[in-house]
Amino acid sequence: MRISEINYINFRNLKDNNLKFHRKFNLFLGKNGQGKTSILEAIYFSATGKSFRTSKNSELIRYGLQKTGAFIAYEDIVSEKSISVKLAGGKKEYSYNRKKVKYDGFHGKVNAVSFIPEDISLIVGAPGIRRSFFDYEIAQSNYDYFSDLKNYTKILKLRNKYLKEKQYTDPIFEIYQEEFIRLGARILKKRLEYVKNISILLNLNYRKLFDEKKELSLRYSCFLGEVKKATLEELESGIREKIRKNFSREKRYGYSIVGPQKDDFLFLLNEREAKSYASQGEKKSIVFSLKLAEIDMIIKEKRDTPIFIIDDISSYFDSIRKENILNYFNHRDIQLFISSTSDLGIKAKKFFIEKGDIHDGDKEC
Ligand SMILES: Nc1ncnc2c1ncn2[C@@H]1O[C@H](COP(=O)(O)OP(=O)(O)OP(=O)(O)O)[C@@H](O)[C@H]1O
Ligand SMILES: [Mg+2]
């Protein structure tokens, strides 16, 4: 997949513009505070409908204005297409090939993977950060998961409402509960499969790029205890049993204490939890390897490459790691959007950013 062009208006500090991209390396250069992260964010926003650094959409609109929007032309393995997102009055409007669509008709059309310095929170942050990350990643290339998750979230809210209002003798509660179990089992099954597959890629990438002497793995920490391989039926009966054992507590608390919304994903470096034991440099390398593994997973599921965004590469990695990373991409057919405060000495289409104004250098690779 390649993005050939972007148009944006009123996005952060960026001056409205139209940029044409190179098929492979695109490098955004500028001093601090000029708009490097913002242009990468505009690309990510138009591809996915969300930001990689904030959940508050209003932050994306240029100060003092009411709306923003971004449009991209891209090609996937089949043909040339376009998508766009507009944001106004707290609402988003999506389009695909210039026709308005709902989010479902937009989601996953362009696959984008981003790496920003703040992603370290995937290791050091709360479990909710990891859950949202992996949920989004799985959903990105798996529509069933996307819809199961959406329905599960609705059912969980309803189940919690009934528990809070002590309406668990209502026959409707029983129906919700069955759906809660059915969807919960489907989510667990997919997450377990995903963790198993990505863990292998994660380790391969980590060893290849950063440290061949260590073993990196991802473990799913499940509210059901240790589950390796299980059928949907086994997972359903596991959840049912767990509810039975915890139901009096759930009634007392007034919300669901069992379910995949309680689970976590643990990174283990040489079998020790990275959150507590890995060094800063190792944590950064783990997150980067995770993003590379994510790219591989998307290729496997969608049979097309996602675009990859790397923000602030020079301040994040030392020169050896940086070189390893750039070498790695020399050999892969993936479109990259990288920002840096200093030139990287690579062949790339360069974009220079000053106070939100972007112009491209004449040289292309
Ligand atoms: N909604 C907004 N409207 C206008 N300007 C904004 C908005 N949000 C952020 N800014 C400003 O845009 C400027 C560019 O921010 P950005 O994070 O893109 O810089 P950067 O080039 O990535 O800097 P650094 O190298 O420090 O990471 C900053 O001065 C920031 O305060
Ligand atoms: Mg920045």
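Q: Where is Lys355 found?
A: Lys355 occupies the loop that joins strand 14 (349-354) to strand 15 (357-360). The model is a predicted one. The phi angle of Lys355 is near 45 degrees, a positive value in a residue other than glycine.

Q: Is Lys355 buried or exposed?
A: A residue counts as exposed if its relative accessible area is over 50%. Lys355 has a relative accessible area of 65%, so Lys355 is exposed.

Q: How should the confidence of the prediction be read, and what is the average pLDDT of the protein chain?
A: The general idea is one of caution: where pLDDT is low, the predicted coordinates should not be read in detail. In this structure the protein chain has an average pLDDT of 94, and 99% of the residues score at least 70.

Q: In which elements is confidence lowest and highest?
A: Confidence is lowest in helix 9 (residues 313-316), where the mean is 83. The highest value, 98, belongs to strand 1 (residues 2-9).

Q: Which residues are closest to ligand 1, and how many surround it?
A: A residue is taken to be near a molecule if one of its heavy atoms lies within 4 Å of it. Ligand 1 is surrounded by 15 residues, and the closest are Gly33, Lys36, Thr37, Ser38 and Ile61. By residue class, the shell around ligand 1 comprises two nonpolar, seven polar and six charged residues.

Q: Where are Gly33 and Gln34 placed, and is each buried or exposed?
A: Gly33 belongs to the loop between strand 3 (25-29) and helix 1 (36-48). Gln34 is also in the loop between strand 3 and helix 1. The relative accessibility of Gly33 is 72%, so Gly33 counts as exposed. Gln34, in contrast, counts as buried because its relative accessibility is 16%, the cut-off for buried being under 20%. These classes consider protein chains only.

Q: Which residues does the UniProt domain annotation cover?
A: According to the unreviewed UniProt entry, the annotation "domain: RecF/RecN/SMC N-terminal" covers residues 3-342. In the model this span is 46% helix and 21% strand, and its end C-alpha atoms lie 24 Å apart.

Q: What polar contact does the side chain of Asn203 make?
A: The side chain of Asn203 makes a polar contact of 2.7 Å with the side chain of Glu215. Asn203 is part of helix 5 (residues 171-209). At a relative accessibility of 15%, Asn203 is therefore counted as buried.

Q: Is Glu250 buried or exposed?
A: Glu250 has 0% relative accessibility and so counts as buried. This residue lies in helix 6 (residues 232-253). A polar atom of the Glu250 side chain is 2.7 Å from the backbone nitrogen of Ile257.

Q: How many residues separate Leu27 and Ile310 along the chain, and what is the separation of their C-alpha atoms?
A: Leu27 and Ile310 are 283 residues apart along the chain, and their C-alpha atoms are separated by 9.6 Å. Leu27 is located in strand 3. Its relative accessible area is 0%, so Leu27 is buried.

Q: How many residues apart in sequence are Pro127 and Pro117?
A: Pro127 and Pro117 are 10 residues apart in sequence, and 19 Å apart from C-alpha to C-alpha. Pro127 is in helix 3 (residues 127-141), and at 30% relative accessibility Pro127 counts as partly exposed.

Key: Residues are numbered from 1 along each chain as its sequence is written. Chains are lettered from A and ligands numbered from 1 in the order in which they are written. This is a predicted model: local features need pLDDT of at least 70, side-chain atom pairs count only at pLDDT 80 or more; totals for chains, interfaces and linings use all residues. Side-chain values use heavy atoms; hydrogens and water are left out. Ala, Val, Leu, Ile, Met, Phe, Trp, Tyr, Cys and Pro count as nonpolar, Asp, Glu, Lys and Arg as charged, and the others, Gly among them, as polar. UniProt positions are given in the numbering used here, feature names are shortened, and annotations may be inferred rather than shown by experiment. Helices (H or I, at least four residues) and strands (E, at least two) are DSSP runs, numbered from the N terminus. pLDDT is the predictor's confidence in each residue, from 0 to 100. Buried means under 20% relative accessible area, exposed over 50%, partly exposed in between (1.4 Å probe, protein chains only). A polar contact is a pair of N or O atoms within 3.5 Å; within protein, one must be able to donate a hydrogen and the other to accept it, and residues adjacent in sequence count only if both atoms are side-chain atoms.
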